[in-house]
Amino acid sequence: MSKETFENNLKELEGVVKALESADVSLDEMLELFEKGIKLTKNCTSQIENAEQKITVLMKDKNGEMTEENFAPLGE
């Protein structure tokens, strides 16, 4: 089983969106694609959250020395 990467999930999600935008999709296929899209979106979100937890930011303290701080996304 291949490892799911963010890029692969995103590419597959783009394919799902294109298929949903197509007029050639039955209602049953549309529901399956929608469910798949939700799963892929959750995977991508989870991978982004995991990456954010691993990021540290180097900041200068008041003495001019570099210190590591945890990454805080904008707005937090």
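**Overall layout**

Read along its sequence, the protein follows the pattern α-α-β-β, and its secondary structure comes to 2 helices and 2 strands, where helices (H or I, at least four residues) and strands (E, at least two) are DSSP runs, numbered from the N terminus. This is a predicted model, in which local features need pLDDT of at least 70 and side-chain atom pairs count only at pLDDT 80 or more, whereas totals for chains, interfaces and linings use all residues. Residues are numbered from 1 along each chain as its sequence is written, and side-chain values use heavy atoms, with hydrogens and water left out.

Of the 76 residues, 12% count as buried, where buried means under 20% relative accessible area, exposed means over 50%, and partly exposed lies in between, with a 1.4 Å probe and protein chains only. The accessible surface, computed by the Shrake-Rupley method with a 1.4 Å probe, comes to about 6700 Å², and 54% of that belongs to carbon and sulfur atoms.

Now, how many salt bridges does a search of the whole structure find? The search finds 1, a salt bridge being a side-chain nitrogen of Lys or Arg within 4 Å of a carboxyl oxygen of Asp or Glu. It joins K36 and E12, whose closest N and O atoms are 2.9 Å apart. Because K36 lies in helix α2 (residues 27–54) and E12 in helix α1 (residues 6–21), the pair ties together parts that are 24 residues apart in sequence. K36 is partly exposed at 36% relative accessibility, and E12 is partly exposed at 35%.
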